[in-house]
Amino acid sequence: NNLPEPLYHVVGGAAGTVGATGGYMGGTGLSGTTGMRMFGYAADQVVQVEMVLPTGGHVRFSPTEWVNGDQLAWPRTTKVTGWCNSNPVEDETEWEWEVCPQGGVNFDDLWHAVRGGGNGWGVITSLDYQLPDYPGQLVPAAVFLGNSPDDIVLLSSSLQDAVQEVWINFLIDSQWNPSAVHMAEEESNLCGGPDVGSSFPNVFGTHALIFCHRNGGRVYSDTWVRSVEAHRDIFLAAGATNVTMVIIAQYIKPGILGEFQDYAELLLASGDSHGVPKGKLPDNPRPATDYSFFQDSLMVPIKFLVENRDVSVPWLTSIGKSGTASGNYMMGGNIATHHDGTTATGDHYRGTAFYTEAFVYMDPEIISTILQYHAGGESNSSGDFPPMAEFNHYAINKFGPLRTNWTKPCPSFHELPSREVREEKCIPLIEYIFGTKGLKRLQKIKADIDPDHLFNSFGNIGYRMVKDVKERSVKNKLSWSIRYLLEYYVKIMPWFTFDLITAMGIFRRK
């Protein structure tokens, strides 16, 4: 607290209901507000796991051998070692850690599964995270046109169309192809956003707030100004004046909200929330069980956006104008290289520009085009289904494409409200996320690590609607000492969460 600024940084979630561990990390851990594009996913930050296994063992495990020299920025893990607690009593100082005997738990597999493979592998009692160096103050960039939303009327429809095309190409290049706009990758990665008004908007003139560190907002603003100047003749031909050229060029406004130590300080700057203790962050969004109609989320590959502008530019414009997906959950950047090569998070996560859930408002032909890109042009159900979706926003009503044609999306809830029929016709979400090969590997790990299926929760590997579990053997029953250990963690040990919540309380669209 006596330092002028923190030494280190935590990659965490954005909502107060999302901690830095648990289901968030198990689902990979997206982080649009705390530097995911600089540092990778939350699951990529884990360096050691301590947990109680379903069979009763209390273990720690972490990488112990690596190789360098491939395309990753970090060493690639080649061996994971597990240590077993031979004296699991209440007093931690009396715990005795020994290398686990061979022929027992496959810790290479468990290391893979717990980071991005969901939950249900046991009870995680402790995680060790690597903390990257503090990336500098959070300096949000506000995005709005002129001094009022009404300033958009100063732009004729033909001028708006001309600016819109330049704007979408600028978004694609500045975030996922920065050299095309003379921006360094390190500069591009300084900014991120989790959608819902907190990312660069798809429609020029829309209000938004972008989460940038250090001078990231200024870099994006300056790059946009250069793009506007490079297209001056096109804008003038569409009816622009000197006044409207200035308004267009000043669309990105860095630093107008001030500078903040971190995301939490930014939110607390808006004042205390009703019903929340002073100085604490509210849960926003609050826990809910509502049934969302935005189903069947889809990861959009970077290469698809960059190499298919004839499709991607009008598509991003159309979903932006729908009023539902004003921005994109920005991925890319260092996500592709900042990991150890062994997480359950598939390669599609590493090459994704963003994910979208706005299927209801998307042209079915566009969805099919992206699905076809993922599927490599295949239109049937032969072979292994490739991974296409993400885990952090799992919902009961989401499905993958048709089982009989992977380039056709599952009928929407409006078209086919029966969940049972959708289950019959469409790829299940868990396979949509991991693909056939990834899912099979996780299912085998689940069977090995939890043979009696003690952990059975919706949305996780091996979930069963009706348990069909054999009588547990005496050998696999939890010993009293392990039961006591579990009670110790549940009742005595404090649980910490990083109360990071969305900034919509500060900057809310009307």
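**Figure 1. Salt bridges in the predicted model.** The count of salt bridges comes to 10, a salt bridge being a side-chain nitrogen of Lys or Arg within 4 Å of a carboxyl oxygen of Asp or Glu. The model is predicted, and local features need pLDDT of at least 70, side-chain atom pairs count only at pLDDT 80 or more, and totals for chains, interfaces and linings use all residues. Residues are numbered from 1 along each chain as its sequence is written, and side-chain values use heavy atoms, with hydrogens and water left out.

**Figure 2. Close-up of the salt bridge between Arg350 and Asp44.** The N to O distance is 2.8 Å. Arg350 belongs to helix 12 (residues 347-350), while Asp44 sits in the loop between helix 2 (36-39) and strand 1 (46-52); helices (H or I, at least four residues) and strands (E, at least two) are DSSP runs, numbered from the N terminus. The pair links distant parts of the chain, 306 residues apart. Arg350 is buried, with a relative accessible area of 8%, and Asp44 is buried at 6%. Buried means under 20% relative accessible area, exposed over 50%, and partly exposed in between (1.4 Å probe, protein chains only).

**Figure 3. Close-up of the salt bridge between Asp173 and Arg309.** N and O are 2.5 Å apart in this pair. Asp173 counts as buried at 10% relative accessibility, whereas Arg309 is partly exposed at 22%.

**Figure 4. Close-up of the salt bridge between Asp222 and Arg218.** The closest N and O atoms are 3.6 Å apart. Both residues lie in helix 6 (residues 216-230); because they are four residues apart, about one helical turn separates them. Asp222 is partly exposed at 33% relative accessibility, and Arg218 is partly exposed at 43%.

**Figure 5. Close-up of the largest nonpolar core.** This core has 100 residues, of which Phe61, Trp121, Trp167, Trp224, Phe235 and Leu305 touch the most other members. A nonpolar core is a set of buried Ala, Val, Leu, Ile, Met, Phe, Trp, Tyr and Cys residues joined through side-chain atoms within 4.5 Å. Helix 4 (residues 157-176) supplies the largest share, 10 residues. Apart from this core lies another, of 10 residues, including Leu138, Leu209, Leu267 and Leu281.

**Figure 6. Close-up of the contacts of Trp167.** Leaving out residues up to four places away in sequence, Trp167 touches Phe200, Pro201, Asn202, Val203, Phe204, Trp224, Tyr251 and Ile252. Contact means heavy atoms within 4.5 Å.
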